[in-house]
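Good morning, colleagues. Please take a moment to look at the sequence and the structure as they are displayed.

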Amino acid sequence: MRASRLVSLLLLLQARGRMTARQLAAELEVSVRTIYRDVDSLHAAGIPLYGDAGHAGGYQLLDGYRTRLTGLTAEEADSLFLTGLPGPAAELGLGNAVAASRLKLTAALPPELRARAGRLQERFHLDAPNWYHDGDSTPHLEAAAGAVWDARRVRVLYHRWKAPQDVVRVLDPYGLVLKAGRWYLVAASKGSPRTYRVSQILELEVLGETFERTENFDLAAYWQSSLADFDARRLQAEAVIRLSPFSMERLPDMMNSAAVKSIEDTASAPDADGWVRATVPIESAEHALADFLRFGAGLEVLEPPELRRKLAETAAALAATYLGS
């Protein structure tokens, strides 16, 4: 474990330059005292590492020093070949670069790891989009990715759901997120980060001016926060339902994760026929109607009365259509 940490410390300094003991300790999840001991060990091993005291101080490798680390474990080599998604990389205009880097990495591996990596590619394939969805058409994705990378402001014509539907926005693009086969652009408009679906961008012009990213902006943290906020705003009502044993088995394939978790957390003990009673968050009666109809007779709504009535009316209309002639 300590040898692995020493290598990680060395790679951090090589990749990021000067870092304080406190920054290294936070990154490696150890105490500052442990960092001091590790630095002494690297010194003793002849690594050209030096430190400066004071507010602007920190540890730094001697200029020009690069380590040559060839001690990849089998699991580490495997993980490198599982991290690349060829489809999304190609959409970003990086398909050739990913293929070239994979070839170079393969050539650099020892023979036994090279063979293992080959077997991995033969036996594992990552496919990001959900079932029944082939992904969005995103003709402006590559240009958006370039603007994100170069910190260049963009002007977009964006199609949204509320009126006026087609609006022009000047954006500072902070990052791109791939979620269930759909690309989203996180960008600041008038200083406030927002999320834009890339497939809804009708026109995109990369402007000549650059912008300064908001200090300490964390794309992953922003995305998780926005998902939680979206669910909190969207799911403001509840329904009490009964589910058959077969419907409970199909639950993960039929409903979103928030609904599945709520049903699992609130499910009663099965009755004599194996049915369970549970509470599920819903956006509205109209949205829940379509979701619940997919279960057919394997789901019964008990509350609210409005949703139960809508389902009864829909079932009656279906019966009239199929049995009335």
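Arginine 5 belongs to helix α1, which spans residues 2-16. Please bear in mind that the model is predicted. Is arginine 5 buried or exposed? With a relative accessible area of 16%, arginine 5 is buried, because the value lies under the 20% that sets the limit for buried residues. The side chain of arginine 5 is joined to the side chain of aspartate 38 by a polar contact of 2.6 Å. Leaving aside residues up to four places away in sequence, arginine 5 touches Leu28, Val30, Thr34 and Asp38.

Let me turn to the confidence of the prediction. The average pLDDT of the protein is 82, and 79% of the residues score at least 70. Which elements have the lowest and the highest mean pLDDT? Helix α4, residues 74-82, has the lowest, at 58, and strand β3, residues 152-159, has the highest, at 95.

I continue with a pair of helices. Helix α2 covers residues 21-28 and helix α3 covers residues 32-44. The two pack at an angle of about 105 degrees, and their axes are 8 Å apart. This angle makes α2 roughly perpendicular to α3, because angles of 65 to 115 degrees are counted in that way. On the α2 side, Ala21, Arg22, Leu24, Ala25 and Leu28 take part, and they meet Val32, Ile35 and Tyr36 in α3.

The next topic is a sheet of five strands. This sheet is open, its order is β6-β5-β4-β3-β7, and its pairing is antiparallel. Which strands stand at the edges? They are β6 (192-197) and β7 (201-210); each has a single partner strand, so one side of each is left without a neighbour in the sheet. Direction ignored, neighbouring strands of this sheet are turned by 45 degrees against each other on average. Helix α8, residues 141-150, packs on the sheet and touches β3, β4, β5 and β7. The direction of α8 makes about 80 degrees with that of β4.

Within this sheet, strand β4 (residues 166-179) pairs with strand β5 (residues 182-189) over seven bridges, in the antiparallel sense. Lysine 179 stands opposite arginine 182 in β5, and aspartate 172 stands opposite alanine 188 in β5. A hairpin is formed by β4 and β5, with two residues between them. Alanine 180, in the turn, has a positive phi of about 50 degrees.

On to β5 and β6. These strands pair over six bridges, again in the antiparallel sense, and valine 186 stands opposite threonine 195 in β6. They too form a hairpin with two residues between the strands, and lysine 190 in the turn has a positive phi of about 60 degrees.

How many residues of β5 are buried? Seven of its eight residues are, which leaves β5 mostly covered. Serine 189 is buried, with a relative accessible area of 11%. Not counting residues up to four places away in sequence, serine 189 touches Arg169, Val170, Leu171 and Tyr196.

Finally, I come to a sheet of three strands. This open sheet has the order β9-β8-β10, and the pairing is antiparallel. The edge strands are β9 (276-282) and β10 (299-303), each of which pairs on one side only. Neighbouring strands here are turned by 35 degrees against each other on average, direction ignored. Strand β8, residues 237-243, is joined to β9 by seven bridges, and the two run antiparallel. Valine 240 stands opposite threonine 279 in β9.

Which helices pack on this sheet? One of them is helix α11, residues 257-266, which touches β8 and β9. The direction of α11 makes about 145 degrees with that of β9. Helix α12, residues 285-293, also packs on the sheet, touching β8, β9 and β10. The direction of α12 makes about 135 degrees with that of β9.

Thank you for your attention.

Notes:
Residues are numbered from 1 along each chain as its sequence is written. Side-chain values use heavy atoms; hydrogens and water are left out. Helices (H or I, at least four residues) and strands (E, at least two) are DSSP runs, numbered from the N terminus. Buried means under 20% relative accessible area, exposed over 50%, partly exposed in between (1.4 Å probe, protein chains only). A polar contact is a pair of N or O atoms within 3.5 Å; within protein, one must be able to donate a hydrogen and the other to accept it, and residues adjacent in sequence count only if both atoms are side-chain atoms. Contact means heavy atoms within 4.5 Å. pLDDT is the predictor's confidence in each residue, from 0 to 100. Two strands pair if DSSP finds at least two bridges between them. Axes are lines fitted to C-alpha atoms, for helices over the stretch in contact, and angles run from 0 to 180 degrees between N-to-C directions. Angles under 35 degrees count as roughly parallel, over 145 as roughly antiparallel, 65 to 115 as roughly perpendicular and the rest as oblique.
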